[in-house]
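Please find below a short note for a colleague who is meeting this structure for the first time.

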Amino acid sequence: MSVEYATATVVQLGSKIGARVDGVRLSGDLDSETVSLIRDALHKHKVIFFRGQEHLTEDGQYEFAQLLGTPTTPHPTVTSKGVKSLPIDSEYGRANSWHTDVTFVDRIPKASILRAVHLPSYGGSTTWASTVAAYESLPAPLKVLVENLRARHTNAYDYAADRTDVVTENAKGKAYREEFESSYYETEHPVVRVHPVTGERALLLGHFVKNFVGLTTAESQTLFQLLQYRVTKLENTTRWNWQPGDVAIWDNRATQHYAVDDYDGQPRRLTRITLAGDVPVGVHGDESTIISGNAEHYSIIEEVAPRAA
């Protein structure tokens, strides 16, 4: 299915998630109608892709990002790699684990904008999953359970639990991981958050989850795997094979993603800019709460206009 506008076409890629936007040259000079088109497509399809954006520089990516919101600093703890964007560089590690960006702070980014800079000759695709579709697929008893649960997220998660390459990490990777964990953050979030724009309910999980409040470690691990299975069910996902000049934008409040590590150690580099978000709110109106760490230096808290009744 495709929807045509004056100069742009939104091509749907799957029933639950994903669309390609054609006919748009991204820049900080886009007109308001095109910006509205991009924003609406993002809320509907959760992740959207643009081909042929080779003209974009880091500055151009940043200027475009400002049209969609307020850019954060590159990262709460990784401050040595850039001023405007965070390099997603295979030299520093592989993001081959399902996650939502920066959920260990209270003010989770609302969106991420990722631009391809250097790609391997094969492999290196990224997969996104709809956490809205995952919630909607739950049977009624599980919905009742998760709507009344909270989870604690931290940046000091156990890499070794899911990663087999930590023991062979290079010096740059070890230094990056040490900087990532240099300041401790822990935040308690509702497991089901209400999207402030669409009103949809989404599972707030991913690999930064430490445990569910009130459950034992064993119980938390079992429930986490059960819920993550719903998130990553193939019908709830879309996979993007990167080409030079590609840009992806995803709604960080409604997705998880996974960078596929199938490129045999070749260099892979992309640049990410995140946009300031709100503090998540659960279905009962309960907000996330800070356990440890102050993220004021990282991001403002975006004020979201109340949804129309």
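Does His45 count as buried or exposed, and at what relative accessibility?

1. At 7% relative accessibility, His45 counts as buried, where buried means under 20% relative accessible area, exposed means over 50%, and partly exposed lies in between, with a 1.4 Å probe and protein chains only. His45 belongs to helix H1, which covers residues 32–45, helices being DSSP runs (H or I) of at least four residues and strands being runs (E) of at least two, numbered from the N terminus. When neighbours within four places in sequence are left aside, His45 is in contact with Val10, Gln12, Ile17, Gly18 and Ala19, contact meaning heavy atoms within 4.5 Å.

2. On the basis of the note: this is a predicted model, in which local features need pLDDT of at least 70 and side-chain atom pairs count only at pLDDT 80 or more, while totals for chains, interfaces and linings use all residues. Residues are numbered from 1 along each chain as its sequence is written, and side-chain values use heavy atoms, with hydrogens and water left out.

3. For the chain as a whole, the secondary structure comes to 7 helices and 17 strands. A compact globule of 309 residues would have a radius of gyration near 19 Å, and the 18 Å of the chain agrees with that; the radius is taken over C-alpha atoms, and the rule is 2.2 Å times the number of residues to the power 0.38. Along the principal axes, the C-alpha atoms fill a box of roughly 55 × 55 × 35 Å.

4. Of the 309 residues in the chain, 54% are buried. Among contacts with a separation of 6 or more, 84% are accounted for by residues 24 or more positions apart.

5. Gln12, one of the contacts of His45, is found in strand E2, residues 9–12. With a relative accessible area of 22%, Gln12 is partly exposed, and its side chain reaches the backbone oxygen of Gly14 at 2.9 Å. Although Gln12 and Thr255 are 243 residues apart in sequence, their C-alpha atoms are 16 Å apart in space.

6. Lys46 deserves a look for its backbone: its phi is positive, about 75°, although Lys46 is not a glycine. Lys46 lies in the loop between H1 and strand E4 (47–50), and at 4% relative accessibility it counts as buried.

7. Asp264 is another residue other than glycine with a positive phi, near 55°. Asp264 is found in the loop between strand E15 (255–259) and strand E16 (269–275), and it is exposed, with a relative accessible area of 64%.

8. Which residues of helix H2 (residues 58–68) are buried? They are Gly60, Gln61, Tyr62, Phe64, Ala65 and Leu68, and what covers them includes H1, strand E6 (111–118), strand E14 (247–251) and E16.

9. Ser90 lies in the loop between strand E5 (86–89) and E6, and with a relative accessible area of 12% it is buried. Leaving aside neighbours within four places in sequence, Ser90 is in contact with Tyr263, Gln266, Pro267 and Arg268.

Definitions and conventions: A polar contact is a pair of N or O atoms within 3.5 Å; within protein, one must be able to donate a hydrogen and the other to accept it, and residues adjacent in sequence count only if both atoms are side-chain atoms.
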